[in-house]
Amino acid sequence: MTATTSDALLEVRDLTVTFQTPRGPLDAVRSLDLDLEPGGALGIVGESGSGKSMTSLAIMGLQPRAARRTGSVRLLGRELVGMSEPDLRRVRGDRVAMVFQDPLSSLNPYYTVGLQIEEAYRAHRPGVTRREARRVAVEALERVHIRDAARRVNHYPHQFSGGMRQRVMIAMALSTEPELLIADEPTTALDVTVQAQILDLLQEIRRETGTGLVLITHDLAVVSEITDHIVVMKDGVCVERGPVERIFTRPQHPYTRALLDAVPRIDDEIGELRAVTPGSAVVPDQVVPTNGGPA
Amino acid sequence: MPRFLLSRVTSGLGVLLLVCLFTYLVFFALSPDPAVQICGKNCTPELIDQIRGNLGLDQPFWTQFVQFVVGIFAGRTYGEGVSAVDCAAPCLGYSFQSSQAVWDMIVQRLPVSATVAVGAAVLWLLAGLAGGLLSAVKEGTFADRFITGLTLTSMSIPNYVLALVLQYVLVVKLQWLPFPQAVPFADDPVQWFLNFVMPWMVLAIGYAAAYTRLTRANVLDVLRENYVRTAFAKGLPPSLVWRRHALRPALTPVVTIFGMDFAGLLGGALITETVFGINGVGKMAADSIARNDQPVIMGVTLLAGFLVVVGNIVVDVVYTTIDPRVRVNA
Amino acid sequence: MTSFPTDLTTAQPVEAGTDDTPEAPAAAAAGALRSGAGGTWQALRHDVGAMLGLGYIVLVTLVAILAPVLTSISGWTPYEFDQTAIDPNLGGMPIGPWGGVSAEHWFGVEPGSGRDIFARIVYGARVSMSIALSATLLTTVLGVSLGLMAGYFGGRVDLVISRVMDFLMAFPALIFMIAVLSALPAGNRSALLVVVISVFGWPYLARIVRGQTMSLAQREFVEAARAAGASGTRIVFREILPNLRSTIIVMSTLAVPGYIGTEAGLSFLGVGVVPPAPSWGQMISASVKWYAVDPAYFVVPGVCLFLLVLSFTVLGDRLRAVVDAQEGR
């Protein structure tokens, strides 16, 4: 599981994603460097269109077909750029897993959450029986604190509330015990209270499993909660990077300062909420009756 | 689920009753006096009056309508005494021109219409799904543009024109197919099959084109869905992503439309049956129009309405089993 | 697709694809408004298919308008019998190749009667175009006004209109049209055709207009107009209707081929235009008896009809693609 050949978990060098447009090539991401130690947490911050989501897709080789990816992406020392599609597929979902912004549209409405977790697991564990995969799915749901997981595993995505769906997404990502979890705006589509719960969950998982985390968001308050390092992106380029404290106390780039000014004092709020629900074992979201959600 | 079904059936019955009323009203208001038709050449005003009385045509509209509706469920008898004719339970009217109950006429011809509809449906589903998928997979390529052009062309050929072209080319010129003549399946299965080849093709082509477009659009839409991206991010093999995550959502709407189209066709493919001289419900309707045999036209209209309503309900029920979101909310 | 549930499948009024997504052209409306009709025209002008289609439509329209002039040049009216052009010994087959094409009869003659096919095509174009366009106009007026009412006023108005639409769309339209037309006296068939086609055609447009009106009614500029004290009618016609312009144009263009096909189909079945007035569908119907020996007789009206339907279909399809692209879909 941990075939570490290099110290770094993720080492991105000079990553560039280029689109061919009728008006010539356009870089969605240009010459980006990223570093993440095993078990570390990195925040990528920027407004929409800054190239942060494209970065997350490009790390996994999931950039759109029209785009070209150059540079180097090394995961535990293995180069992912130029890797064959079948090999990449073995990395995706197994070593690196993703959680997306909108959990409702990111889960297939036609299948139970159980099946969607099972298929993620079975894709990387050939020969695993359905029964075994089902057990893993239930465990994964339990790990993200979904109550009555053995029953809920047979429910469809629309039968879960927004925060619960994101928990399902996280459970799905964790089912294969990946070394790296990329969360792309995992809390943006959620209510503020639910946001805090999901962030707590990510934090807890990181503590317990030692999974590395890349958290992508437009919200500096969110990254300040759980990451150690921050990369600020604008127009596909990194404009500033550094430890969280330094960025917050002494931002160098005017864009970073602008982002900081835009942050409401939400971090205090989160602090308070955390105090109310220690360990986030019991959260209001979980008690929400979950029948007949919006279709 | 039963409640949902019940409400669907109730509203379906409502629509049917309205179709019935609408149709009856139109024929009541517009049609030439059936009594005159029945009376024939040696007619006197007294005789006409007598027939009118016999058939209840002198009754007010609502009385006649209620009699008609009751007749559908309970059957009825037209006229009295020696000249009385029986019309058994699903009585959709009586054709005095053919001296036969409309329902019996329909039942005799329904299997033929069903054969035409089923064969065509198989053809158009295969062609439509394959064409649409291919077009979507090869989006923007020559193959895609070719298929798109072909669908627009196919949609624009009136099927009676296509029927004539096919008959001329395949039968008269190339002689690949025998001249169509009605043969029972048991007598000569090959000839029977060959007879239906052209009708199936002609009937299928327009639908195939429409289904190709629908499938293509749906598949392209679904491929842009976030859950397809999720499936790829999970490292699933592309074949599984396609099969499980793209096709099922993309093809679900096709099922809906297919149910409706197929139900509509069971009630007779008027033009195709007429052109190829196939003795189905559609040709019967067309012939009745030419002979001005109103009860038959009305009966076929009601049958078509019934099939569409039933098709609607079946599609709704099927939908609840294939789309989990509908299942729970219903 | 399910508009007329029979085998009359020539290009239905509402195409598959948009059928289930009323939002699709909804977005288009705003787009066309932004780039204006000029932008749409610029984009269409470079589309070979759309321009060929438009060219043929213009040609047929001109032919229809100039029918009397054209027949006076060709020398035959659509009703004249020419016994010299057919061979009585061959059962009335046209004399000469290609169904009797000659300097005298440009498109040949009808077998049996010897009537001039060119003249009948030219006058048939009048029938096809006038009925299809009138039906489109009437459907558009009905569909837009009822759709606007249902969408803007909502509540009980919406309930009633929506129910009527559901009913009409569940109705076996084609067979019923045939039934009605066959029952009616053969007086003014053209006007009747238009009315009957429109009665069953408007819900397909109204459904989309209704959906878009509902979303537009929530928008700021409508709110603003309402706050400024504008009346309901004024808001509907001044604020909402202009935003639906390109949707209506696209939908109407796509409806025309369906109506051409329906008219021809009904005439083919003998419940359309009454003979001896010529119609393309009726000519094809008459040619069924002769197809084996005189293929030219069905080829001429068949090709004319096919090209006209195709032209409108392609034009509508391209128009929608352009309008969609302007919205950036």
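Let me start where chain A meets chain B: 25 residues of chain A are in contact with 19 residues of chain B. Keep in mind that this is a predicted model. On the chain A side, the elements that give two or more residues are helix 2 (85–91), helix 3 (103–106) and helix 4 (113–124). Which of them gives the most? That is helix 4 of chain A, with 4 residues. By class, this side of chain A has 11 nonpolar, 8 polar and 6 charged residues.

Now chain A itself. Its secondary structure comes to 13 helices and 10 strands. Chain A has 295 residues, and 48% of them count as buried. Take the contacts in chain A between residues at least 6 apart in sequence: 68% of these join residues at least 24 apart.

Some of the strands make a sheet. In chain A, 4 strands form an open sheet in the order 2-1-4-5, and the pairing is antiparallel. Which strands sit at the edges? They are strand 2 (24–36) and strand 5 (78–79) of chain A, each of which pairs on one side only. As a reminder, strands of a sheet pair through backbone hydrogen bonds. Strand 1 of chain A, residues 10–21, pairs with strand 2 of chain A over 9 bridges, in the antiparallel sense. One bridge to look up in the model joins Thr21(A) to Gly24(A), the latter in strand 2 of chain A.

Next, chain B, and two of its helices. Helix 7 of chain B covers residues 159–173, and helix 8 of chain B covers residues 189–223. Their axes come within 10 Å and cross at roughly 140 degrees. The crossing of helix 7 of chain B with helix 8 of chain B is right-handed. From helix 7 of chain B, the contact residues include Leu162(B), Ala163(B), Leu166(B) and Leu170(B). From helix 8 of chain B, they include Met198(B), Met201(B), Val202(B) and Ile205(B). By class, the contact between these two helices has 9 nonpolar, 3 polar and no charged residues.

Last, chain B and chain C. Here 55 residues of chain B are in contact with 47 residues of chain C. Several helices of chain B give two or more residues to this side, among them helix 1 (2–30), helix 6 (142–156), helix 10 (238–266) and helix 12 (281–291). Helix 7 and helix 8 of chain B, the crossing pair, are also on that list. The largest share, 10 residues, comes from helix 13 of chain B. How does the side of chain B that touches chain C divide by class? The residues divide into 38 nonpolar, 15 polar and 2 charged.

Definitions and conventions:
Residues are numbered from 1 along each chain as its sequence is written. Chains are lettered from A and ligands numbered from 1 in the order in which they are written. This is a predicted model: local features need pLDDT of at least 70, side-chain atom pairs count only at pLDDT 80 or more; totals for chains, interfaces and linings use all residues. Two residues are in contact if their C-beta atoms, placed from the backbone, lie within 7 Å. Ala, Val, Leu, Ile, Met, Phe, Trp, Tyr, Cys and Pro count as nonpolar, Asp, Glu, Lys and Arg as charged, and the others, Gly among them, as polar. A residue is buried if 20 or more other C-beta atoms lie within 10 Å of its own, exposed if 12 or fewer, and partly exposed in between; C-beta atoms are placed from the backbone. Two strands pair if DSSP finds at least two bridges between them. Axes are lines fitted to C-alpha atoms, for helices over the stretch in contact, and angles run from 0 to 180 degrees between N-to-C directions. A crossing is left-handed if the near helix is turned anticlockwise from the far one by less than a right angle, and right-handed if clockwise.
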